[in-house]
Amino acid sequence: MSGGFIDFQNEIYLGGLGGVRPELPMTAAGLESLARERLDPAAFAYVAGSASAERTAAANRSAFDRYRILPRMLRGSTGPGARDLSVEVLGTKLAAPVLTAPVGVLELLHEGGEVIVAEVTKELGLGTVLSTAASSTIEDVGAAAGAWWYQLYWPADDELACSFVRRAEQAGASAIVVTVDTPTLGWRPRDLEQAHLPFLHGKGIANYLSDPVFRAKLPAAPEESEEAMRTAILTWVGLFGNHTLRLADLALLREWTDLPIAVKGILHPDDARQAVDAGADAVVVSNHGGRQVDGSIAALDALPAVVATIGDRADVLFDSGLRTGSDVLVALALGAKAVLYGRPWAYGLGLAGAAGVRHALRTLLADFDTTLGLAGCTSPAAVNRALLSTVR
């Protein structure tokens with residue numbers, strides 16, 4: 001239930017009476033700026049970077065500027081306990097329509113990063129989506145998490161993909177999110193300038209190294225020697241990314257699991273319709289935060305057409321460019337059931353571990369809770385297109 005999220009604001013003001021100020025910035029831009037100063041340059045580049053000239057990342061943000069919220073008054077929506085932010089998405093109950101987006105290689109930011117995120121989201125009643133490219137294993141995250149989904153980067157080996165999915169199901173995941181926009185990594189100049197791809201250093205491949213199907217392909221256990229680890233890394237290189245993935249493969253995924261399936265990386269409404277026809281229970285409208293195709297359509301611009309095409313048949317979620325509570329409100333007004341929130345909490349993780357993740361998420365939630373009430377709504381279900389005006 002809501003009521004607690006907006007209280008973050010009161011905590012800060014009351015702390016100020018004793019001379020206590022927040023140790024971290026109160027905006028996503030502030031977190032990014034501080035992370036740029038304090039984080040290892042390669043780690044910051046990995047999180048912050050986008051494809052080529054980063055026009056898609058910029059477009060994701062500017063797309064929100066084309067909408068203005070048209071608040072409604074005299075609705076009794078601003079008092080204590082007036083709002084309930086909870087939702088149910090793909091059978092998963094959440095205290096607010098927010099999940100942490102799958103961000104890989106969190107060991108670049110903090111040891112045990114994925115477990116930390118799982119613990120904090122459990123505490124807040126949110127969901128988390130675990131990346132295949134994680135530094136913590138499926139099992140370790142499952143043991144720590146509350147509501148969590150598993151994001152599948154489908155490898156070039158169906159047996160290994162099946163193993164990942166079944167491990168996630170056994171570890172307690174409540175949905176599978178198959179990412180389809182990354183058959184290969186995009187052209188990312190920030191990483192290239194650092195000459196840094198973490199996977200080649202053995203980072204972000206914990207789920208491979210712990211998988212029995214993957215280990216069976218190796219002549220020796222990776223932990224036995226540096227040479228064995230190099231062999232494992234080279235084996236990973238040959239398996240990451242699947243250039244042959246097709247819609248028909250969703251039927252194969254359905255054979256592997258009874259869990260709900262979401263397809264992430266959808267922008268074209270025809271792709272959304274075809275994914276649902278092929279068995280998907282949801283789609284995530286996303287351009288990977290601008291990390292794949294430079295000059296791509298902004299994810300928010302793609303959202304209305306996808307909702308119009310499949311919104312009565314499947315859940316539509318949104319990812320890419322979210323930074324504020326009003327951004328969440330706009331995405332919901334355009335038809336998203338919930339959002340996946342990425343980079344700001346990752347900066348928080350790098351800056352202050354669990355406290356940083358908690359700070360970034362509570363900031364977003366308090367902002368959303370406040371904005372929702374001031375717009376005249378008492379729940380996410382009350383948010384609709386009538387709340388928005390477009391800027392020409």
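## Helix 12: exposed and buried sides

In this predicted model, A248 and E255 are exposed on one side of helix 12, where exposed means over 50% relative accessible area, buried under 20% and partly exposed in between, with a 1.4 Å probe and protein chains only. Helix 12 spans residues 248–256, and its buried residues are D249, L250, L253 and W256. These four cover an arc of only 105° around the axis, which puts them on the same side of helix 12; the arc is that of the directions from the helix axis to the C-beta atoms.

The cover over the buried residues of helix 12 includes helix 7 (158–170), strand 7, strand 8 (261–266) and helix 13 (269–277). Helices (H or I, at least four residues) and strands (E, at least two) are DSSP runs, numbered from the N terminus.

Six of the six residues of strand 6 are buried, so strand 6 is largely enclosed by the rest of the structure.

Strand 5 (residues 127–130) runs parallel to strand 6 and is joined to it by four bridges, with G127 standing opposite A147 in strand 6. Strand 6 (residues 147–152) also pairs in the parallel sense with strand 7 (residues 176–179), over three bridges, and there the bridge partner of L152 is V178 in strand 7. Two strands pair if DSSP finds at least two bridges between them.

## The barrel

Eight strands form a closed barrel in the order 4-5-6-7-8-9-10-11, with parallel pairing. The twist averages 25° from one strand to the next, with axes taken as lines fitted to C-alpha atoms (for helices over the stretch in contact) and angles running from 0 to 180 degrees between N-to-C directions.

## The protein as a whole

The protein has 16 helices and twelve strands. Its radius of gyration is 20 Å, close to the 21 Å that the globule rule gives for 392 residues, so the protein is as compact as a globular protein of that length; the radius is taken over C-alpha atoms, and the rule is 2.2 Å times the number of residues to the power 0.38. Buried residues make up 56% of the 392 residues.

## Basis of the values

Residues are numbered from 1 along each chain as its sequence is written, and side-chain values use heavy atoms, with hydrogens and water left out. Because the model is predicted, local features need pLDDT of at least 70 and side-chain atom pairs count only at pLDDT 80 or more, whereas totals for chains, interfaces and linings use all residues.

Definitions and conventions. Contact = heavy atoms within 4.5 Å.
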